[in-house]
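Here is a short tour for a reader new to this structure. Please look over the sequence and the model before reading on.

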Amino acid sequence: MAKPAHFSTKDRILGAAEELFALHGFAGTSLRQVTTQADVNIAAVNYHFGSKENLVNEVFRRRMDEMTAARMGQLERARCDHPGELRPVLAAFVEPALAMAQDRQSGGAFVRVIARAYAEKNDNLRRFLSDHYGHVLRDFGRAIAGCVPGLSKEELYWRLDFLAGSLTYAMADFGLIKRPAGVTEEAHRAQAAQELIHFAEAGFRAAARSEGSPTPSTPAPSLSTQ
């Protein structure tokens with residue numbers, strides 16, 4: 001596939017890798033396929049990334065950095081403008097992710113790459129995402145805890161994990177409700193965001209587990225990329 005001339009070599013490699021990872025997965029994509037797609041030689045990949053593992057990480061970094069900045073900026077505004085209100089905090093988590101998914105040029109393939117990350121066991125990638133983006137869920141966890149102080153930390157993180165999973169599903173647009181004819185994708189995504197925020201708010205505000213309920217002895221839930 002021809003690439004615009006103004007794209008840098010690094011951009012071309014990242015774009016090609018993202019498309020191929022979305023189609024074939026991480027293990028199923030070779031560096032030779034990436035270099036062929038990007039129209040570069042293997043030396044260029046080694047120069048910019050050093051290894052396939054680093055290339056995988058950088059595919060995530062270029063999307064996740066942008067989404068993280070949007071989320072954290074919106075979260076800060078929510079805390080300043082609507083202190084103690086849960087919905088603006090949830091909106092800060094949900095809306096930037098769905099906005100990225102709506103952008104077919106920058107987000108379409110990456111949504112499928114996220115699905116691959118969930119489906120494939122890649123400990124190095126999960127460690128990279130936890131090290132670089134785990135703070136996002138922790139920050140949102142603290143913000144949500146300030147709005148629903150009755151939840152234990154374990155209950156809070158279970159519900160945040162469920163929200164992250166629901167958001168990934170919504171980003172992939174795999175649900176039963178498809179975009180109706182005559183409705184723009186932007187409007188459809190906006191409605192999806194509002195429905196998910198409404199659903200999540202009810203979930204976080206649901207009563208905490210009663211003292212008589214069984215409490216499994218489990219470690220704190222892991223932090224996902226979403």
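## Overall picture

Of the contacts in the protein chain with a separation of 6 or more, 77% join residues 24 or more positions apart. Contact means heavy atoms within 4.5 Å. The model is predicted, so to speak of local features a pLDDT of at least 70 is needed, side-chain atom pairs count only at pLDDT 80 or more, and totals for chains, interfaces and linings use all residues. Residues are numbered from 1 along each chain as its sequence is written, and side-chain values use heavy atoms, with hydrogens and water left out.

The protein chain has 9 helices and 0 strands. From the N terminus on, its elements run α-α-α-α-α-α-α-α-α. Helices (H or I, at least four residues) and strands (E, at least two) are DSSP runs, numbered from the N terminus. Buried residues make up 42% of the 226 residues in the protein chain. Buried means under 20% relative accessible area, exposed means over 50%, and partly exposed lies in between (1.4 Å probe, protein chains only).

## Helix α1 and its partners

Helix α1 covers residues 9–24, and helix α6 covers residues 108–119. Their axes come within 8 Å and cross at roughly 50°. That makes α1 oblique to α6. Axes are lines fitted to C-alpha atoms, for helices over the stretch in contact, and angles run from 0 to 180 degrees between N-to-C directions. Angles under 35 degrees count as roughly parallel, over 145 as roughly antiparallel, 65 to 115 as roughly perpendicular, and the rest as oblique. The crossing of α1 and α6 is left-handed. A crossing is left-handed if the near helix is turned anticlockwise from the far one by less than a right angle, and right-handed if clockwise. From α1, the contact takes Glu18, Phe21, Ala22, Leu23 and His24; from α6, it takes Ala109, Phe110, Arg112, Val113 and Arg116. These residues divide into 6 nonpolar, 1 polar and 3 charged. Ala, Val, Leu, Ile, Met, Phe, Trp, Tyr, Cys and Pro count as nonpolar, Asp, Glu, Lys and Arg as charged, and the others, Gly among them, as polar.

Helix α1 also packs with α2, at an angle of about 125° and with axes 8 Å apart. The two helices are therefore oblique to each other. Here the crossing is right-handed. Arg12, Ile13, Ala16, Ala17, Glu19, Leu20 and His24 in α1 meet Gln33, Val34, Gln37 and Ala38 in α2. By class, this contact has 6 nonpolar, 3 polar and 2 charged residues.

## Helices α5 and α7

Helix α5 (residues 86–102) and helix α7 (residues 123–147) have axes that come within 9 Å and cross at roughly 165°. That makes α5 roughly antiparallel to α7. Their crossing is left-handed. On the α5 side are Leu86, Val89, Leu90, Ala92 and Phe93, which meet Leu137, Phe140, Ala143, Ile144 and Cys147 in α7. The contact has 10 nonpolar residues, no polar ones and no charged ones.

## The nonpolar core

Which residues touch the most other members of the largest nonpolar core? They are Phe60 and Phe204, in a core of 63 residues. The largest share of this core, 11 residues, comes from α5. A nonpolar core is a set of buried Ala, Val, Leu, Ile, Met, Phe, Trp, Tyr and Cys residues joined through side-chain atoms within 4.5 Å.

Leave aside neighbours within four places in sequence. Phe60 is then in contact with Phe26, Phe110, Val113, Ile114, Ala117, Leu125, Phe128, Leu129 and Tyr133. Asn57, in helix α4 (residues 52–81), is in contact with Leu125 and Phe128 on that basis. Asn57 counts as buried, at 7% relative accessibility.

Asp39 lies in the loop between α2 (31–38) and α3 (42–48). Asp39 has a positive phi of about 60°, although it is not a glycine. At 65% relative accessibility, Asp39 counts as exposed.

Ser30 sits in the loop between α1 and α2. Ser30 counts as partly exposed, at 33% relative accessibility. Ser30 and Leu20 are 10 residues apart in sequence and 9.0 Å apart in space, C-alpha to C-alpha.
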